[in-house]
Amino acid sequence: MTEASPKSPKEDPKERSPESVEDANPDLIYGLHPVLAVLKGERHINRVWITAKMRYDSRFHTLLNQAKSNGTVIDEVDYRRLDQITDRGNHQGVAVQVAPYQYIELSDLIARAKEKNPNPVLVIADGITDPHNLGAMIRTAEAVGSQGLVIPQRRAVGITSTVVKVAAGSLESFPVSRVVNLARALEELKASGFWIYGTVAESGEALHRVNFSGAIALVIGSEGSGLNLLTQRHCDFLISIPLQGNTPSLNASVAAGMSLYEIYRQRWTAPLDMSGH
């Protein structure tokens with residue numbers, strides 16, 4: 001056992017507020033719509049900071065009473081206090097500190113996805129490090145009807161408060177699995193009947209020419225380097241989005257959105273094609 005080093009005066013807990021920005025920030029969510037989504041969801045809420053005006057707003061009043069009955073601390077504060085807590089973020093008069101995000105096992109994600117849809121679509125984020133990108137990807141995936149997300153533990157962002165805010169409430173009904181080994185996760189998905197489609201910048205089949213069918217796992221590469229070679233080798237198909245301008249590649253969340261929309265466009269129009277119209 002290593003000997004603990006003496007605390008400096010700045011590290012003395014007596015000199016820190018129990019509701020300081022440092023304590024709240026790891027799981028801090030703020031803003032009207034993100035907070036409403038959390039209050040309506042199933043995540044445990046440790047604390048709510050809210051202005052008097054917002055506390056008695058009809059959208060919040062009942063939800064706050066329910067949260068309080070579940071042990072949540074409700075603090076009525078002014079805008080200046082919320083500015084301090086959120087580091088002058090766009091809090092709109094309310095912020096919450098939630099319990100850490102609960103990931104689910106990949107096997108449970110697969111089972112839940114197949115319960116919801118016989119041909120589910122899961123998104124696999126391969127090394128996304130920008131929380132704004134991941135949040136936007138989640139928001140789009142949930143909006144078009146995908147059943148969940150898989151992210152790696154290493155060299156990738158997890159579900160942070162920024163991701164939750166950008167996702168704008170989508171995570172309250174959108175499960176995420178965090179895996180140690182992405183390659184093994186792809187093999188588990190294959191064994192469960194999923195076809196693995198990986199997005200690459202240039203060398204894949206053009207998106208609009210790909211026939212998406214069955215259970216699908218759509219793999220989106222990192223912002224800078226895209227899909228790594230090991231991940232590419234585990235894909236059944238590589239697909240690309242043809243570009244006409246001078247921009248060489250797309251933002252990861254944009255590429256995910258375009259690919260997901262094409263998958264669902266094909267599924268929406270399939271009944272018409274089958275009927276001969």
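Tyr101 sits buried in this predicted model, with a relative accessible area of 13%. Its ring partner is Tyr103, and the two form an edge-to-face aromatic pair, 5.1 Å centre to centre with 70° between the planes. Tyr103 itself comes out as partly exposed, at 28% relative accessibility.

Next, the sheets. Four strands make up an open sheet with mixed pairing, in the order E1-E4-E2-E3. Its edges are strand E1 (28-30) and strand E3 (73-76), each of which pairs on one side only. On average, neighbouring strands here are turned by 20° against each other, direction ignored. Strands of a sheet are held to one another by backbone hydrogen bonds, in either a parallel or an antiparallel sense. For strand E2 (residues 45-50) and E3 the sense is parallel, over 4 bridges, and Trp49 stands opposite Asp75 in E3. Helix H2 (residues 32-40) lies across E1, E2 and strand E4 (94-98), and runs at about 45° to E4.

Leu63, Leu64 and Ala67 are buried, and because they cover an arc of only 100° around the axis, they fall on the same side of H4. An α-helix has 3.6 residues a turn, so residues three or four places apart point the same way. Lys68 and Ser69, on the other side of H4, are exposed. What do the buried residues of H4 pack against? Their neighbours are H2, E2, helix H3 (52-55) and E3. After H4 comes Gly71, with a positive phi near 100°.

Strand E10 (residues 215-220) is a different story. All the way along, 6 of the 6 residues are buried, so E10 is largely enclosed by the rest of the structure. Ala215, Ala217 and Val219 point one way from the strand, while Ile216, Leu218 and Ile220 point the other way, and all are buried. E10 pairs in the parallel sense with strand E5 (residues 121-125) over 5 bridges, and Ile220 in E10 is the bridge partner of Ala125. Strand E8 (residues 194-199) also runs parallel to E10, joined to it by 5 bridges.

Where does the side chain of Ser240 reach? It goes to the backbone oxygen of Val200, at 2.9 Å. Leaving aside residues up to four places away in sequence, Ser240 touches Val200, Ala201, Glu202, Ser203, Gly204, Glu205, Ala206 and Leu207.

Notes:
Residues are numbered from 1 along each chain as its sequence is written. This is a predicted model: local features need pLDDT of at least 70, side-chain atom pairs count only at pLDDT 80 or more; totals for chains, interfaces and linings use all residues. Side-chain values use heavy atoms; hydrogens and water are left out. Rings of Phe, Tyr and Trp (its six-membered ring) pair if their centres lie within 6.5 Å; planes under 30 degrees apart count as stacked, over 60 as edge-to-face and the rest as tilted. Buried means under 20% relative accessible area, exposed over 50%, partly exposed in between (1.4 Å probe, protein chains only). Two strands pair if DSSP finds at least two bridges between them. Helices (H or I, at least four residues) and strands (E, at least two) are DSSP runs, numbered from the N terminus. Axes are lines fitted to C-alpha atoms, for helices over the stretch in contact, and angles run from 0 to 180 degrees between N-to-C directions. Contact means heavy atoms within 4.5 Å. A polar contact is a pair of N or O atoms within 3.5 Å; within protein, one must be able to donate a hydrogen and the other to accept it, and residues adjacent in sequence count only if both atoms are side-chain atoms. The arc is that of the directions from the helix axis to the C-beta atoms.
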